[in-house]
Amino acid sequence: MWDLTTMILIFYEMIMIPVDFSFEIESNPMKDFDFFFVNSFFILDIFVNFNTGYYSKGLLIMERKRIFVNYLKGAFAVDLVASIPYTWIVGEDDSTLA
């Protein structure tokens with residue numbers, strides 16, 4: 001269920017970010033909540049991945065240290081960069097990006 005929710009939110013972001021940049025949709029409480037929820041979910045996903053076991057050579061690994069190291073060596077860097085909520089850092093003002 002977690003992976004399905006992640007996939008749905010990724011598709012949502014794939015549509016909404018370009019629409020938001022292209023059409024300069026005004027900020028409203030629902031849009032702000034949507035982006036806050038999605039960004040919070042992806043940040044939470046990093047913490048979940050640090051606690052999720054993995055299979056190695058057919059064996060389920062549940063040791064926290066090995067999970068931690070495996071995630072750091074694998075998808076952590078991509079997840080971290082993708083999860084940074086740019087609007088929380090630079091703000092909503094697009095003039096700072098140009």
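User: Why is Phe41 called buried?

Analyst: In this predicted model, Phe41 has a relative accessible area of 7%. Buried means under 20%, so Phe41 counts as buried.

User: What makes the pair of Trp2 and Phe41 stacked?

Analyst: Eight aromatic pairs are counted in total. For Trp2 and Phe41, the ring centres are 4.5 Å apart and the planes are at 25°. Centres within 6.5 Å make a pair, and planes under 30 degrees apart count as stacked; therefore the rings of Trp2 and Phe41 are stacked. This pair links distant parts of the chain, with Trp2 in helix 1 (residues 2–23) and Phe41 in helix 2 (residues 29–49), 39 residues apart.

User: Why does Trp2 count as partly exposed?

Analyst: The relative accessibility of Trp2 is 30%. Buried requires a value under 20% and exposed a value over 50%, with partly exposed in between, so Trp2 counts as partly exposed.

User: Which residues form one aromatic cluster with Trp2 and Phe41?

Analyst: The cluster is made up of Trp2, Phe33, Phe37, Phe41 and Phe42.

User: How do you know that the rings of Phe50 and Phe68 are stacked?

Analyst: Their centres lie 4.8 Å apart and their planes are at 25°. The limits are 6.5 Å for a pair and under 30 degrees for stacking, so this pair is stacked. Distant parts of the chain are linked here as well: Phe50 sits in the loop between helix 2 and strand 1 (54–56), while Phe68 belongs to helix 3, and the two are 18 residues apart.

User: What makes Arg64 exposed?

Analyst: Arg64 has a relative accessibility of 57%. Exposed means over 50%, so Arg64 counts as exposed. Arg64 lies in helix 3 (residues 64–73). Its C-alpha atom is separated by 19 Å from that of Asp79, which is 15 residues away along the chain.

User: Is Asp20 buried or exposed, and why?

Analyst: Asp20 has a relative accessible area of 14%. That value is under the 20% limit, so Asp20 is buried. Asp20 is placed in helix 1. Leaving aside residues up to four places away in sequence, Asp20 touches Ile25 and Lys31.

User: What is the radius of gyration of the chain, and what would a compact globule of 98 residues have?

Analyst: The chain has 17 Å, whereas a compact globule of 98 residues would have a value near 13 Å. Along its principal axes, the C-alpha trace spans about 50 × 25 × 20 Å. Of the 98 residues, 22% count as buried.

User: Which elements does the chain contain, and how do they run?

Analyst: The chain holds five helices and two strands. From the N terminus on, their order is α-α-β-β-α-α-α.

User: How far apart are the mean positions of the positive and negative charges?

Analyst: The mean positions of the 6 positive and 13 negative charges are 26 Å apart. As for the accessible surface, the chain has about 7500 Å², of which 70% belongs to carbon and sulfur atoms.

Conventions:
Residues are numbered from 1 along each chain as its sequence is written. This is a predicted model: local features need pLDDT of at least 70, side-chain atom pairs count only at pLDDT 80 or more; totals for chains, interfaces and linings use all residues. Side-chain values use heavy atoms; hydrogens and water are left out. Helices (H or I, at least four residues) and strands (E, at least two) are DSSP runs, numbered from the N terminus. The radius of gyration is taken over C-alpha atoms; the globule rule is 2.2 Å times the number of residues to the power 0.38. Buried means under 20% relative accessible area, exposed over 50%, partly exposed in between (1.4 Å probe, protein chains only). Accessible areas come from the Shrake-Rupley method with a 1.4 Å probe; for residues, only the protein chains shown count as cover. Lys and Arg count as positive and Asp and Glu as negative; His and the chain ends are not counted. The place of a charge is taken as NZ of Lys, CZ of Arg, CG of Asp or CD of Glu. Rings of Phe, Tyr and Trp (its six-membered ring) pair if their centres lie within 6.5 Å; planes under 30 degrees apart count as stacked, over 60 as edge-to-face and the rest as tilted. Contact means heavy atoms within 4.5 Å.
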